[in-house]
Amino acid sequence: MSDYPVPPTRTVRHQPSRAQIIEVDIAVVGAGISGISAALEAARLGRRVALIDAGQQLGGQSTGSMLGTFCGFYSNGPEPYRVVYGIVDAMFAHLKKADAFHLRRGRNSYIPLYQEQALVRWIEQAVHAAGIQVLLGATLLQARRDGGRIVALDIATRFGPVEVHAEGFVDASGDAALSYLAGFDCREPVSPIMGTLMFTLEGFDEAAALQLDRWAVQKRLAETGGRYGLVRRDGFVFAFPGKGHATVNMTHVKTPLDPEGYATAQAEGRAQADRVVDFLRGEYPAAFATARVRQYGFLGIRQTRWIVGRHSLQIDEVRQGLKPDDAILRCSWPVELHDRPEDVHWEEFGDDHLHYVPFRAMVPQQADNLVAAGRCIDGDLAALSSVRVMGPCVAMGAAAAQALDLAGAGSVSQIDIAALQLRLRDNLERRDRD
């Protein structure tokens with residue numbers, strides 16, 4: 001008979017309590033790649049930072065949606081150079097050291113492949129080493145304002161209410177949740193922009209998969225996808241060389257802004273993913289006869305709600321490569337508009353093309369201490385589709401942190417733009433080749 005001691009317990013009962021108060025210099029809402037960039041940049045500047053996300057893991061879609069590809073980090077042309085720096089130097093170095101990075105040529109540029117678990121570990125280590133206060137499972141309920149200034153956030157967590165007080169705020173929520181709850185005007189698409197539930201495959205013949213021509217697969221999708229019940233008739237399978245798994249991007253799902261609709265969309269995305277596997281097995285048995293889903297990602301969301309900024313980036317500005325006086329980043333990613341269930345509208349740009357994001361597109365009208373970063377900045381749908389990918393999002397996060405640092409207790413609308421651009425010169429001028 002064991003004499004191992006039984007640990008003691010105690011009886012407790014919930015007692016209403018006052019909210020935990022957190023006071024920082026800069027509060028970042030959303031821990032996707034733009035929010036991570038903003039938080040790390042602000043911490044590097046010596047600011048006290050809170051990073052708030054409703055999810056259970058840092059990295060947002062970059063780590064949870066099985067994206068597997070870094071888009072928008074390089075220029076176009078025969079010898080692409082990197083156009084985004086900041087946290088990217090350390091992030092790429094970590095992934096390369098972990099053998100979790102593969103530089104792939106595609107769309108007249110480089111589109112690196114990466115492994116999500118290696119990325120999430122780098123993010124966790126970097127964020128905690130920087131002394132950033134992290135709130136996960138933290139849902140924003142209300143943003144309190146005094147005129148054009150946000151003064152506090154009311155947040156619900158499973159452990160009780162939290163109030164976050166800060167001098168400056170970054171809306172990196174993706175859905176402009178902070179701007180919307182603060183009462184600033186926002187935009188939504190009249191017709192939904194499709195999201196994608198990506199997933200990874202295992203148990204396939206990697207050598208055979210690497211021999212498949214992407215465009216031939218896309219043609220087959222268009223011809224036979226209907227027999228498998230596929231909604232989307234284009235997309236891709238990227239096998240990560242030597243790792244025995246592949247990233248699949250062949251689904252299209254509406255992404256509503258309500259909890260029940262989101263849950264339904266998530267389930268629909270997984271059902272579409274299963275039908276994609278049936279297509280791959282049936283049409284390419286030499287490569288995928290024994291393929292199976294290794295992991296489903298969370299539903300990837302592209303464009304749902306965004307701010308009404310001091311400037312709205314327009315597609316003609318993107319096409320012409322106009323560089324505004326308040327440019328804070330450059331990008332060469334194509335127009336990638338997912339406005340139809342069956343396919344994607346792509347509009348490629350030439351070798352020397354660069355387009356830019358103006359700082360004014362990141363600041364809600366009438367806001368003094370709030371800067372948006374990521375896919376919720378202001379623009380028309382086509383323009384946003386060319387700057388919402390991860391590379392520009394990293395650069396926007398850095399710009400938001402630097403702008404709030406320059407503003408201090410003042411307004412971001414009154415900062416010295418030349419001083420901001422000097423701080424961001426790597427993302428505007430540097431041209432390293434990896």
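## A walk through the helix packing

Let's start with M66, which sits in the loop between helix 2 (61–64) and helix 3. Keep in mind that what you're looking at is a predicted model. The phi of M66 is near 55°, a positive value in a residue other than glycine. Is M66 buried or exposed? Its relative accessibility is 3%, and buried means under 20%, so M66 counts as buried.

Follow the chain on and you get to helix 3, residues 88–97. Four of its residues, V88, M91, F92 and L95, are buried. They span an arc of only 90° around the axis, so they lie on the same side of helix 3. What do these buried residues pack against? There's quite a list: helix 1 (33–44), strand 4 (101–102), strand 7 (113–114), helix 4 and helix 12 (390–407). Just after helix 3 comes D99, with a positive phi of about 55°.

Now for helix 4, one of those partners. Two packed helices are described by the angle between their axes and the distance between the axes. For helix 3 and helix 4 (residues 116–129), the angle is about 130° and the axes are 10 Å apart. At the contact, A90, M91, H94 and L95 from helix 3 meet A118, L119, W122 and Q125 from helix 4. By class, that gives 6 nonpolar residues, 2 polar and no charged. Notice that M91 and L95 turn up here and also in the buried set of helix 3.

Between strand 5 (105–106) and strand 6 (109–110) there's a loop that holds N108. Here is another positive phi in a residue other than glycine, near 60°. At 30% relative accessibility, N108 counts as partly exposed.

Helix 1 and helix 12, both partners of the buried residues of helix 3, also pack against each other, at an angle of about 35° and with their axes 7 Å apart. Their crossing is right-handed. On the helix 1 side the contact uses I33, S34, S37, A38, E41, A42 and R44, and these meet M390, C393, V394, G397, A398, A401 and Q402 in helix 12. Sorted by class, this contact has 8 nonpolar, 4 polar and 2 charged residues.

Next up is helix 7 (residues 214–224), where R214, V217, L221 and T224 are the buried residues. Their arc around the axis is only 110°, which puts them on the same side of helix 7. What do you find on the other side? There, K219 and E223 are exposed. The buried residues, meanwhile, pack against strand 15 (236–240) and helix 8 (259–283).

The last stop is Q303, in the loop between strand 17 (292–296) and strand 18 (306–307). With a relative accessible area of 2%, Q303 is buried. What does Q303 touch, leaving aside residues up to four places away in sequence? The answer is P189, I193, R375, L381, L384, S385 and R388. Take S385 from that list: Q303 and S385 are 82 residues apart in sequence, yet 8.1 Å apart in space, C-alpha to C-alpha.

Key
Residues numbered from 1 in each chain as written. Predicted model: local features only at pLDDT ≥ 70, side-chain atom pairs only at ≥ 80, totals over all residues. Heavy atoms only, no water. Axes fitted to C-alpha atoms, helices over the stretch in contact; angles between N-to-C directions. Helix = DSSP H or I, 4+ residues; strand = E, 2+ residues; numbered from the N terminus. Contact = heavy atoms within 4.5 Å. Nonpolar A, V, L, I, M, F, W, Y, C, P; charged D, E, K, R; others polar. Buried < 20%, exposed > 50% of the residue type's maximum accessible area, 1.4 Å probe, protein only. Arc of directions from axis to C-beta. Left-handed = near helix turned anticlockwise from the far one by under 90°.
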